[in-house]
Amino acid sequence: MIENNELTMNTESRLSFEEFRKEVLEDYRLACESREVSLLARKEVLTGKAKFGIFGDGKEVAQVAMAKYFQPGDFRSGYYRDQTFAFASGIATPEQFFSQMYADPDLANEPFSGGRQMNSHFATPNLGKDGNWLNLTESKNTATDMSPTAAQMPRALGLAFASKLFRDVESLKDLEGLSKNGNEVCFATIGDASTSEGHFWETMNAAGVLQVPLAVFVWDDGYGISVPRKYQTTKDSISAALEGFRKTEDSNGFDIYNVKGWDYAGMCEVFEAGIRKIRETHIPALFHVEELTQPQGHSTSGSHERYKSKERLTWEKEFDCNHQMRQWILENALSDEATLAEIEAKAKSFAQESRKSAWEKYIAPIRKEVQTMLGFGQAVAALPQADTALVNNLLQELQNNREPWRKDILKTAANILFRHRNIQSPAIAALKTYYEDLLAREKENYNSFLHATGVNSALNVPVVPAAYDADTVSINGYEILNKYFDQLISNNPKVFAFGEDVGKIGDVNQGFAGLQAKHGNKRIFDTGIRELTIMGQGIGMALRGLRPIAEIQYLDYLIYGLQPLSDDVASLQYRTKGIQSCPIIVRTRGHRLEGIWHSGSPMSMIMGALRGMHMCVPRNMVQAAGMYNTLLQANEPALMIESLNGYRLKEKLPNNLATFTVPLGVPEVMKEGTDITIVSYGSTLRIVEEAIQTLEELEVSVELVDVQTLLPFDINHKILESLKKTNRILFVDEDVPGGGTAYMFQQVIEGQGAYRWLDVAPRTLSAQAHRPAYGSDGDYFSKPNVEDVIRVVLEMVAE
């Protein structure tokens, strides 16, 4: 006779087994669906419906296993083979995957980038249009993907570091929508070959030092495109190479796990325990997922049969993860052949339906637009004076195109209009109106959201002038900033400041002097000498709703951290079509120090790389404080370049230091004049001001304009208004010839149409083409000096 408790245990055991079986078969279904998506997607590229494809085939089982432990609130910082993880975690559907392949600009169909990024570049929203952060603890989140190899690693550090702050900083405890006591893990994924990049090593080192909840999954299929692993990695194994980083009882570091990418059960066991430990202890971990395959090769651009041996290809077929999981299911009697065949058939059908639905949603509005265009074109063809044969040929070509692009419609309309530009007719006017409206609509699809809009935009922050008491004192510029940062940290719990030497000594120019002691080393802290991941720390924190001020000690060193700022931050609003924001403020200082490595002014390089970020170049520290206030009331990224030789110059202390704002993109006329306009910014303004004293003695009246920000630049055309008075203009800065001065020249002379008001040729005065030589004489001969300004101005007024 069976006892009641034994019966209950057997029943629970059977139920538990049945649930386990269902879960396994569900995971197998996901793996099969993702594989079918990869196979179909490759065909879509080869038939021309999509331009390019890169897929996650061969990684399905590992990613299904990983996704089981990805919880609401967690973040992913991955790479472009994570489609299965996206499907398994609910971040994306196969239909949305195909919509992205087709570059569908409709966010309803392709919600990650509106067709702006290649396939498997996923994103989830983090900030509302109302300026409020979404509840990130209720969603499974992903920072948007990038194609540059290992570029996902620096910001992964910051996403994990934010959890550490949310757990450790008491003033953040009330921000419940951003974190649940720092329990969130950042899941970072990377291909094995990309671990050769410096980004990976710098990130892993920083994670080991900081002890943050970062789970790094390395997908190891033995190759980097065609190059075998042994030519890329010391000891032919990234986990072996990193052994010295392994955490021990008496050291920091990270845990290291090795799993086989075809071993479903083994990965589930290791991932479950490993992620739980990361979540609880904040000790980072590396999961080296080995013996993966790549059934279709690297991408649609090539074939792996060209570089893999027959033996390797045979092994890959046998150890294909889906095939191995199928065998494991059968061997453990979790299903039978017929059931698995049914799952596989349904997966194939589902992938095909997803592809078909995505294509129809993409092509239907284009075909509808073709019909509209044909109507307008036929009306033109019917005109007596029209080139009817040409118009009909263009329309026939458009009509016969079975898979037209939007550009085909616009090209047809434009060609008709170009060739009938001298005909006055309602039909021509109607076609022109249609063309211009369609062009404007499509430009909105493809050229919008470089910057935030509405309340999130720094350009919409109300202007509050600086106010001064009658007995206002004048103090050093660095003291202005010190008082400002003190009030800022006190009033805004989301603000953190960090960088090399920022914490204990209060930065090399004392802007934060004494503030770590007052506010604690969680709010103001030092970092290692690692500019790339200082930027990554800030990026990840900003993506999670904090307001980091990440410092690069000198402007010259920004180059080390430029890649994530350019590829990640600057393009973020644009490439996610406005659904994701990263309001990091990068603080640095530059201009006119001494020597080749400490006095650079690579403004044109920075401006070219950082379109999408604001670029502030305040002439003094009061202006800098006002710009910080402006930026912190908005949700946009910015670079603040303080004047290095201005920290010990005296400035009046405003009585509304914490609240006054300086508008971005609005130049200030520092001195009015009638003979010539000089346009500059930052430290160079002081050179010009000194020159003006002599020029006035020589009876030359100069109007001096401080642009204040290079990005945005003079949005109200204030410089043009100055030029209308003086009819002469000189642009001065410290960049190389054809650099920042050429940018300002183009913005004013071409962009503002200022050439119409010139009496003499406009001039630019820049530094030399070489880097600045050391010493005071080196500075004099390398960069614009007072005598240079006087000489050029006198030449211009003499013409």
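Over which residues does pLDDT stay under 50? I looked this up before anything else. The model is predicted, and pLDDT stays under 50 over residues 1-9. For that stretch the model has one contact beyond four places in sequence. I then checked the chain as a whole. Its mean pLDDT is 95, and 98% of its residues reach 70 or more.

**Entry: domains**

I noted how the chain is divided. Domain 1 covers 17-335, domain 2 covers 357-447, domain 3 covers 458-652 and domain 4 covers 668-798. I also looked up one distance. The centres of domain 2 and domain 4, taken over C-alpha atoms, are separated by 47 Å.

**Entry: the largest pocket**

I turned to the pockets. The largest pocket has a volume of about 510 Å³. I found 22 residues lining the largest pocket. Closest to its centre are Lys-51, Tyr-102, Ala-103, Gly-115 and Tyr-446. Helix 14 gives the largest share, four residues.

I sorted the lining of the largest pocket by class. It has 11 nonpolar, seven charged and four polar residues.

Why does the largest pocket lie between domain 1 and domain 2? I checked where its lining comes from. Both domain 1 (17-335) and domain 2 (357-447) give residues to it, so the largest pocket lies between them.

**Entry: the second largest pocket**

The second largest pocket holds about 370 Å³ of space. I listed its lining, which is made of 22 residues. Asp-556, Gly-600, Ser-601, Pro-602 and Arg-771 are the closest to its centre. Helix 18 (558-575) and helix 19 (603-609) are the elements that give two or more residues to the lining of the second largest pocket.

By class, I noted 10 nonpolar, seven polar and five charged residues in the lining of the second largest pocket. Which domains does this lining draw on? I found at least three residues from each of domain 3 (458-652) and domain 4 (668-798).

**Entry: the cavity**

How many cavities of 30 Å³ or more does a search of the whole structure find? I noted one. About 40 Å³ of space lies in the largest cavity. I went through its lining, and found Tyr-79, Tyr-80, Ile-190 and Ser-194 among the residues there. The lining also includes Met-146, Ser-147, Pro-148, Thr-149, Ala-150 and Gln-152. By class, the lining of the largest cavity has six nonpolar and four polar residues, with no charged residues.

**Entry: Ser-683**

I picked out Ser-683. This residue is found in the loop between strand 18 (676-680) and helix 21 (684-697). Is Ser-683 buried or exposed? Ser-683 has a relative accessible area of 1%, so I noted it as buried.

**Entry: Thr-709**

Last, I looked at Thr-709. Its place is in strand 20 (residues 709-711). Thr-709 is buried, because its relative accessible area is 0%.

Which residues is Thr-709 in contact with, leaving aside its neighbours within four places in sequence? I found Met-615, Cys-616, Val-617, Met-627, Leu-664 and Gly-665. I also looked up Thr-709 against Asp-320. They are 389 residues apart in sequence. In space, C-alpha to C-alpha, Thr-709 and Asp-320 are 55 Å apart.

How values were computed:
Residues numbered from 1 in each chain as written. Predicted model: local features only at pLDDT ≥ 70, side-chain atom pairs only at ≥ 80, totals over all residues. Heavy atoms only, no water. 1 Å grid on protein atoms, 1.4 Å probe; cavity = no way out; pocket = protein on both sides within 12 Å on 5 of 7 lines; lining within 4 Å. Points joined across faces, edges and corners; volume = space filled by probe spheres on them. Nonpolar A, V, L, I, M, F, W, Y, C, P; charged D, E, K, R; others polar. Domains from an automatic or database assignment. pLDDT = per-residue confidence, 0-100. Contact = heavy atoms within 4.5 Å. Buried < 20%, exposed > 50% of the residue type's maximum accessible area, 1.4 Å probe, protein only.
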